Amino acid sequence: MRALVVVAHPNSGSFSHAVANYIGKGIEDAGPEHSFEFADLSAEEFDPRFSQDDIAAFEMRAPFPDDVLAEQKRIDAADTLVLVFPIYWWSMPAILKGWIDRVLAYGFGYVDGRRFDSGLFQ
């Protein structure tokens with residue numbers, strides 16, 4: 001198994017980071033055939049804002065922006081996706097919401113209209 005562990009918290013000393021690190025250690029301890037990549041959205045300064053370039057990609061008029069392509073490549077290299085984040089006002093932090101909106105977009109995360117039963121997570 002190869003996992004992508006995505007953490008969305010600006011404080012590297014947070015409980016969310018501790019949980020993400022614990023998950024990573026558990027994956028490594030499972031044996032040499034298991035590995036993970038750690039994606040710290042805040043430390044990597046991922047831009048969660050949906051831009052005109054993202055709209056053009058969504059409308060299939062242009063390719064995905066380079067930062068989105070890099071994240072999609074990380075997902076393609078994994079067979080398991082783990083999202084670790086605190087709950088802010090009954091939801092995820094804005095940086096993670098933006099990552100999901102931009103990276104798991106139409107044409108990559110799903111390909112048949114707006115249904116998720118045709119894409120990565122079917």
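What follows is a short chat about a predicted model of one protein chain.

Me: How many helices and strands are there in the chain?

Reply: In this predicted model, the chain has four helices and three strands, and, read from the N terminus on, the elements run β-α-β-α-α-β-α.

Me: And how compact is the chain?

Reply: The radius of gyration is 15 Å, which is close to the 14 Å that the globule rule gives for 122 residues, so the chain is as compact as a globular protein of that length. If you picture a box drawn along the principal axes, the C-alpha atoms fill one of roughly 45 × 35 × 25 Å.

Me: What percentage of the residues count as buried?

Reply: Of the 122 residues in the chain, 37% count as buried. As for the surface, the chain exposes about 7,400 Å², and carbon and sulfur atoms supply 58% of that area.

Me: OK, strands now. Is β1 mostly covered or mostly open?

Reply: Strand β1, which covers residues 2–7, is mostly covered, with five of its six residues buried.

Me: Which strand is β1 joined to, and how do the two run?

Reply: Strand β1 is joined by six bridges to strand β2, residues 35–40, and the two run parallel.

Me: Switching topic: where is tryptophan 89?

Reply: Tryptophan 89 sits in the loop between β3, residues 80–84, and α4, and tryptophan 90 is found in the loop between β3 and α4 as well.

Me: Are those two buried or exposed?

Reply: Tryptophan 89 has a relative accessible area of 75%, so it is exposed, and tryptophan 90, at 75% relative accessibility, also counts as exposed.

Me: What is phi for each of them?

Reply: For tryptophan 89, phi is near 50 degrees, a positive value in a residue other than glycine, while for tryptophan 90 phi is near 70 degrees, again positive in a residue that is not glycine.

Me: Last one, glycine 107: where is it, and what does it touch?

Reply: Glycine 107 lies in the segment after α4, which spans residues 94–103, and, leaving aside residues up to four places away in sequence, glycine 107 touches Met60 and Phe64.

Me: Why does glycine 107 count as partly exposed?

Reply: The relative accessibility of glycine 107 is 32%, and therefore it counts as partly exposed, since that class lies between under 20% for buried and over 50% for exposed.

Notes:
Residues numbered from 1 in each chain as written. Predicted model: local features only at pLDDT ≥ 70, side-chain atom pairs only at ≥ 80, totals over all residues. Heavy atoms only, no water. Rg over C-alpha atoms; globule rule 2.2 N^0.38 Å. Buried < 20%, exposed > 50% of the residue type's maximum accessible area, 1.4 Å probe, protein only. Areas by Shrake-Rupley, 256 points an atom, 1.4 Å probe, with all protein chains shown as cover. Pairing = 2+ DSSP bridges. Contact = heavy atoms within 4.5 Å.
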